[in-house]
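Hi everyone, thanks for coming. Could you please bring up the sequence and the model on your screens so that we can walk through them together?

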Amino acid sequence: MGNETYFYFMLFENLGCIKYVFFSLGFIFYCVVIYFNVLIILAVFLERTLHQPMYILISCLSINSVYGTAGFFPRLLTDLLYDTHRISYEACLIQSFVIYSYAAHELTILMLMAFDRLVAISKPLHYNHIITTRFLTLLIVIAWLYPMIFVGFSGLLTARLKMCGNKLFKVYCHNYEIVKLSCVYHNINNIYGLIVTITTIFIPLSFILFSYVKILRICQRSSQEFRSKAYQTCIPHIAILFNFSVALFCELTLSRFVDGEIPIGLAVILSLEFIVIPPFVNPIVYGLNFPGIRKKIRHLIKVCK
């Protein structure tokens, strides 16, 4: 069989009328996610007092959430609404790129947050000299570009493969599932996939864990007041990190190791956690825990009304 022009999402078959219920819930959820994250972005960029590294990085998380969900929800809602569940080969590769670059960006931004907190807590007197606007801009650009390059090259390696199948048992385009449909030798893709996993997931996670362990050690030697302030800014970041790490672990485990060994419905739910839960939880956590953001959001809501 030659290269296939289209892929077909098989999990949307035979949903019946319940697909309209899923569509309605998905559409409402997507609108809420966009609304919450846009509020965070506007709050940070419109309020001059929030033009600080920590808040700017929080807004970067929200921008990434808008980016990632835009690559997933419109396509999902289209497949739920219509009877034809096919996607072109090129569009499938683009969706895969957006979703997995979103996941990589989430970790690189969380890594910058951990670095920012480490500098603020370990070297408070030199913080403003180290985390300058120019340096922060450079870090953010690198945090956005290097995952895109690694994930993008993975997509190029996939694009060269000759396909022998066109049925995807996922609700979105999954690079590893596309590679498995290839009828040619694809060990290069598997090796490079491992490299991407190490560079975009395990290295950022290792640095994040190192940073927070070091912060914890510093806090143990500090005063009660200092510990309280440090925990107040770090705990929301750790909660977000834990939430995303668990969701990403579910996705990696399901796709690589236990695929087909658990019920399809449960597999779909667990595989979607990393793209669905963090964009919803992140703005709530930061909106509730940081008074500056919370105050500005209340003002924006009043203005909208």
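Let me start with a question for you: is the crossing in which α3 passes α9 left-handed or right-handed? α3 passes α9 in a left-handed crossing. Please keep in mind that this is a predicted model.

Now for the geometry of that pair. Two packed helices are described by the angle between their axes and the distance between the axes. For α3 and α9, which covers residues 264-289, the angle is about 35 degrees, and the axes lie 11 Å apart.

Who makes the contact? On the α3 side, you will find Ile 99, Tyr 100, Tyr 102, Ala 103, Glu 106 and Met 113. Facing them from α9 are Phe 274, Ile 275, Pro 278, Pro 279, Asn 282 and Tyr 286. Sorted by class, this contact has 10 nonpolar residues, 1 polar and 1 charged.

Which of the elements gives the most? That is α9, with 8 residues. By class, the pocket lining divides into 17 nonpolar, 2 polar and 2 charged residues.

How many cavities of 30 Å³ or more does the structure hold? The count is 1, and about 30 Å³ of space lies in the largest cavity. Its lining is made up of Leu 57, Leu 112, Phe 115, Asp 116, Ile 131, Leu 136 and Leu 139. The largest share, 3 residues, comes from α3. In class terms, there are 6 nonpolar residues, no polar ones and 1 charged residue.

Finally, a word on the annotation. An unreviewed UniProt entry places the feature "transmembrane region" at residues 20-46, 53-73, 93-115, 135-157, 191-213, 234-258 and 264-288. Let's check two of those stretches against the model. Residues 20-46 are 100% helix, with end C-alpha atoms 38 Å apart. Residues 135-157 are also 100% helix, and there the end C-alpha atoms are 33 Å apart.

How values were computed
Residues numbered from 1 in each chain as written. Predicted model: local features only at pLDDT ≥ 70, side-chain atom pairs only at ≥ 80, totals over all residues. Heavy atoms only, no water. 1 Å grid on protein atoms, 1.4 Å probe; cavity = no way out; pocket = protein on both sides within 12 Å on 5 of 7 lines; lining within 4 Å. Points joined across faces, edges and corners; volume = space filled by probe spheres on them. Helix = DSSP H or I, 4+ residues; strand = E, 2+ residues; numbered from the N terminus. Nonpolar A, V, L, I, M, F, W, Y, C, P; charged D, E, K, R; others polar. UniProt positions renumbered as here; feature names shortened; annotations may be inferred. Axes fitted to C-alpha atoms, helices over the stretch in contact; angles between N-to-C directions. Left-handed = near helix turned anticlockwise from the far one by under 90°. Contact = heavy atoms within 4.5 Å.
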